[in-house]
Amino acid sequence: MRSITIGAGLLAAWLASDAALAQTAEQLKNDHNTPGDVLTYGMGYSHQRFSPLTRINRDNVKRLVPAWAYSMADNNGQQSHALVMDGVMYITDHAKTVALDALTGKQIWKSVIEYPPETTRVVCCGIVNRGAALFEGKLFRTTLDAHVIALDIKTGKEIWRTKSADPKDGYSMTVAPLVANGVVIAGVAGAEYGHRGYLEGYDPQTGKVLWRTWTVPAPGEKGSETWPGDSWKTGGGSTWLTGSYDPELDLVYWGTGNPAPWNPLGRKGDNLYTNSILAIRPKTGEIVWYYQTTPGDPFDYDGVNELVQAELPINGQMRKVVMQAHRNGFFYVLDRTNGKLLAANKFVKVNWADSIDLETGRPVWSAETKSVFEKGPGHKVRIWPALVGGKNWAPMSYSPITRLAYVNSADFGWDYEALPLEEVAKLKPGVTPYFGVKREYVFDHPDGRGHLRAIDPLTGKSKWAIPFKSPNMAGTLVTAGGVVFTGRLTGEFMAVDAETGKILWEFNLGAGTVGQPVTLEHNGKQYVTITSGSSGPYVQRVGDPNLANVPPGGMVWTFKLFED
Ligand code: CA
Ligand code: CA
């Protein structure tokens, strides 16, 4: 029945198990309940990155040792979310997709991706890819030069390839696609190059584009009144992180990025639907509801961060919520059935807004933010958080046991000044970075530039917070064993007590990590996987002296308990 022939006894036994063909719509929907595989980005459609496994727990995690490692033979950032199905692990980067024996790390196949070298000119923040999606025998992924491709999961052979956009127009793709209700959905990066954002749905069999939903409306369309003149044409609103999916409501939750250029003086208005949470019907791309977090954003508070679903007790009633730890420093909780805002609280130092009005859902701008618009070009303000955000892209996890979200925060600000519009007019879409602002970071937190935080979603308060000299840019994973896994730019992969924040275990990966940890079990043993190899705007641009002696180099690491 299976045609993978690699001769590994353990894998052959696994393949013979009842896990075969774990890629139907029903199995994707149940992914979070099946710890023997990892079929979806986010370890389940809700993106909780919570595992019910307890074999590795707070008492024994100090016995974690490497089971195997695999070289990605690449010095760019490795951000791929590992998927594991029928004993085979799938990892992507910008240049290839690999299938590995999940128990030994041996390569089964490697499928190389070629793209024009000039593509990297429109990639602001790391030459990366964040992972794949699986469905009915195919693996779907995006390419840096804005194609979506389908590979045969048994051989890595390309089945179809659809060009979504042209890098010359400022578009690139780094996102892991989402398969929801039988549609492959993917978004674009490029607000830093003056593109106009959109989200697309593709037929998994043929790659045909089924729909395209623009995140910036054209004149005459709903929301177009929030864009003066021609500013919509280069309005940004990228869609570069994977959305979550509620199969019961049949809604996909997808975050949209900052308006472009960063300089807001030529696009005064709300700039819909940038920096918004969109609830989308996967079959049609229809926007069922939206909530805009940061209208008219001057600060690159790129609202794409992961949208984690949970059931939370609010005023004595369980509510279906969707949560976002936003770049803008607020932790948002919304009713995911209708988009109503339930809570929005600061989880780091914030001064761009004083608060979020729960009735209107709108931010109450601070004097600093008002002055950007009132005083115009040449006026300098000091703003928290910086453009990197209170939290960058690396996903948080959420434990339904502790009811806490585990977030790697960045704790610093910036000095910001909008340039005159004559300067902004010189920016060329698809050619020059679309900023139009002067900027300098301000590192003022006495404990360090970042924290690992355990945040109460309804208050934004940290139950505990571990300070780090450099902010962590890796995702987090939490388990029923009471352990949070994450990693550091200096290379340590860490296990932390989910209740207390005590660091229980560390291992040096040999390079910094910006990866997304996942866990699974086989034959009663539990495995934890993460990639090493770092990149990103913080690593590339900030010049953190703490990172000066950390080498590059991509690896996939898998750990298990000693003697397990
Ligand atoms: Ca699963
Ligand atoms: Ca951005």
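This is a predicted model: local features need pLDDT of at least 70, side-chain atom pairs count only at pLDDT 80 or more; totals for chains, interfaces and linings use all residues.
Local features are reported only at pLDDT of at least 70 and side-chain atom pairs only at pLDDT 80 or more, while totals for chains, interfaces and linings use all residues. Residues are numbered from 1 along each chain as its sequence is written, chains are lettered from A and ligands numbered from 1 in the order in which they are written, and side-chain values use heavy atoms, without hydrogens and water.

The calcium ion (ligand 1) is held by Asp31, Thr34 and Asp37, with Asp31 (O), Asp31 (OD), Thr34 (O), Thr34 (OG1), Asp37 (O) and Asp37 (OD) as coordinating atoms at 2.2 to 2.5 Å. A donor is an N, O or S atom within 2.8 Å of the metal (3.2 Å for Na, K and Ca); water is not among the atoms, so sites may look incomplete. Along the chain these donors follow the spacing D-x2-T-x2-D. The arrangement counts as irregular because the 6 donor atoms subtend angles of 71 to 179 degrees. For reference, four donors are tetrahedral if all angles lie between 85 and 135 degrees; four are square planar and six octahedral if opposite donors are over 155 degrees apart and all others between 65 and 115; anything else is irregular. Asp31 and Asp37 are both buried, where buried means under 20% relative accessible area, exposed over 50% and partly exposed in between (1.4 Å probe, protein chains only).

Glu192 sits in the loop between β12 (183-187) and β13 (198-202) and Asn258 in the loop between β16 (251-255) and β17 (276-280), so the pair ties together parts that are 66 residues apart in sequence. Strands (E, at least two residues) and helices (H or I, at least four) are DSSP runs numbered from the N terminus. Both Glu192 and Asn258 are buried.

Next come the empty spaces. Rolling a probe the size of a water molecule over the atoms shows where such space is left. On a 1 Å grid over the protein atoms alone, a cavity is a set of points where a 1.4 Å probe fits but cannot get out, and a pocket is an open set with protein on both sides within 12 Å along at least five of seven lines; lining residues have an atom within 4 Å of a point. Points are joined across faces, edges and corners, and a volume is the space filled by probe spheres set on them.

The largest pocket holds about 540 Å³. Its lining has 37 residues, and Cys124, Cys125, Glu192, Pro537 and Arg541 lie nearest its centre. Helix α5 (537-541) and strand β29 (437-442) each supply at least two lining residues, and α5 gives the largest share, 4 residues. The lining divides into 20 nonpolar, 9 polar and 8 charged residues; nonpolar covers Ala, Val, Leu, Ile, Met, Phe, Trp, Tyr, Cys and Pro, charged covers Asp, Glu, Lys and Arg, and the others, Gly among them, are polar.

The second largest pocket has a volume of about 370 Å³. Of its 20 lining residues, Lys29, His32, Ser46, Gln48 and Glu311 lie nearest the centre. The largest share of this lining, 3 residues, comes from β19.

There are 4 cavities of 30 Å³ or more. The largest cavity has about 100 Å³, and Thr40, Tyr41, Tyr45, Leu178 and Val179 are the closest to its centre among 17 lining residues. Its lining has 11 nonpolar, 6 polar and no charged residues. The second largest cavity, of about 80 Å³, has Asp31, Thr34 and Asp37 among its lining residues.

In helix α3 (residues 367-375), Thr369, Ser371, Val372 and Phe373 are buried. The buried residues of α3 pack against β24 (363-365), β25 (380-383) and β28 (413-418). Just after α3, Gly376 has a positive phi of about 70 degrees.

Finally, Ala410 belongs to strand β27 (residues 404-410). Ala410 counts as buried because its relative accessibility is 3%. Beyond its neighbours within four places in sequence, Ala410 has contacts (heavy atoms within 4.5 Å) that include Val348, Val388, Arg449 and Pro471. Val388 is 22 residues from Ala410 along the chain, and their C-alpha atoms are 7.3 Å apart.
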